[in-house]
Amino acid sequence: MFVQENFGRQEQHLEQHYNDVLHTLSQRYDEGSTGLQEEKKSKLESLYSQLLVCGQALDASKELIEMAQEIYRCQDKRFFLKTVMPIIKRVEEFAKEDIDLTLSTSLEFSTPLADLSDVKTMMDSINVVPAPSAPVINPQLPNSATQTSLHVCWSLFSDDTVEYYELYYRPVLEDMPADSTCAPQESKVKVKETHCTVKDLLPNAQYELWVMATNTTGISPASEKALYMTVPSPPVIKQRECSSCPEAALIRWESGNTNPVDSYTVELSEMGTVGTESNITE
């Protein structure tokens with residue numbers, strides 16, 4: 001369940017990244033569109049100004065042609081002599097003017113490359129999943145052990161993506177030095193949850209446990225090692241060595257455990273009496 005929740009958070013994280021990338025691309029598109037509109041407006045204004053100059057030249061040319069035609073059709077010689085010289089002078093001045101009919105601006109639009117370096121960084125960050133941090137094994141809880149099993153729990157104090165965990169364990173022998181190179185062989189269990197029940201253990205034995213998290217990027221550092229203890233085996237009463245008298249009884253039993261036991265509880269009940277029991281603890 002924890003791994004599923006972890007992937008759920010990762011899915012939300014990727015969706016947020018996706019929305020951020022779309023928002024950034026939309027901003028780049030708006031910036032490019034604004035720049036294109038400004039360039040288009042500048043070209044149109046330049047072409048319009050040139051068109052006005054050409055229109056003025058055409059109007060002047062048309063006016064001179066119409067005046068020349070009028071003089072040509074005129075039958076009054078005095079009027080002709082009076083007006084022909086000013087018209088000729090205006091034509092000469094008009095001919096001296098250099099009318100540039102080439103387009104003053106290019107009709108091609110520049111296509112500047114958009115700076116998408118931040119988008120690339122965002123895309124790269126989506127694909128990079130950091131390796132998990134080290135998990136933390138919880139202390140042993142009451143009633144979490146049997147004679148041959150231990151229920152181990154741990155936590156991951158981050159939102160790291162985890163595909164599975166590997167729980168390592170090995171028995172701790174009291175007569176073996178801590179720096180011994182002949183330590184018991186460790187065992188490993190692969191799980192997808194943050195808890196696991198380790199079975200097939202020795203009774204009344206202390207075990208050293210640690211856990212590591214793994215995802216597609218790598219493996220986390222190992223957690224701090226924790227010590228868990230299994231429940232002792234039930235003692236076996238030595239019936240042949242037991243004795244009794246009217247006021248006392250001597251009970252002998254065999255522990256059956258390799259490691260020392262803290263205490264024993266002896267329960268006595270009188271035969272034939274219901275609900276009458278006396279407990280003695282040693």
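**Stop 1: the nonpolar core**

Begin with the largest nonpolar core, which has 21 residues; select Ile 137, Val 152, Trp 154, Tyr 165, Leu 167 and Leu 209, the members with the most contacts inside it. At least two residues of this core come from each of β2 (150-155), β3 (164-171), β5 (195-198), β6 (206-214) and β7 (226-229). Strand β6 gives the largest share, four residues. Bear in mind throughout that this is a predicted model. As background, nonpolar side chains in soluble globular proteins tend to be buried together.

**Stop 2: the salt bridges**

How many salt bridges does a search of the whole structure find? The search finds two.

For one of them, select Lys 188 and Glu 166, whose closest N and O atoms are 3.6 Å apart. Lys 188 lies in strand β4 (residues 187-191) and Glu 166 in strand β3, so the pair links distant parts of the chain, 22 residues apart. Lys 188 is partly exposed at 48% relative accessibility, whereas Glu 166 is buried at 11%.

Next select Glu 208 and Arg 170, a salt bridge with its closest N and O atoms 2.9 Å apart. This pair also links distant parts of the chain: Glu 208 is in strand β6 and Arg 170 in strand β3, 38 residues apart. Glu 208 counts as buried because its relative accessible area is 17%, under the 20% cut-off.

**Stop 3: a serine in a loop**

Move to Ser 220, in the loop between β6 and β7. Is Ser 220 buried or exposed? With a relative accessible area of 3%, Ser 220 is buried. Beyond residues up to four places away in sequence, Ser 220 touches Pro 132, Ser 133, Ala 134 and Pro 135, together with Met 212 and Ala 213.

**Stop 4: a surface patch**

Select Tyr 18, Leu 22 and Leu 25, which form a nonpolar patch on the surface with about 290 Å² of accessible area together. Tyr 18 sits in helix α1 (residues 2-73) and is exposed, with a relative accessible area of 51%.

**Stop 5: cysteines**

Finish with Cys 54, buried at 18% relative accessibility, and Cys 245, partly exposed at 45%. The count of disulfides comes to zero.

Note on methods. Residues numbered from 1 in each chain as written. Predicted model: local features only at pLDDT ≥ 70, side-chain atom pairs only at ≥ 80, totals over all residues. Heavy atoms only, no water. Core = buried A, V, L, I, M, F, W, Y, C linked by side-chain atoms within 4.5 Å. Buried < 20%, exposed > 50% of the residue type's maximum accessible area, 1.4 Å probe, protein only. Patch = residues over 30% accessible without salt bridge, like charges linked within 9 Å, V, L, I, M, F, W, Y side chains within 5 Å. Areas by Shrake-Rupley, 256 points an atom, 1.4 Å probe, with all protein chains shown as cover. Salt bridge = Lys/Arg side-chain N within 4 Å of Asp/Glu carboxyl O. Disulfide = S-S within 2.5 Å. Contact = heavy atoms within 4.5 Å.
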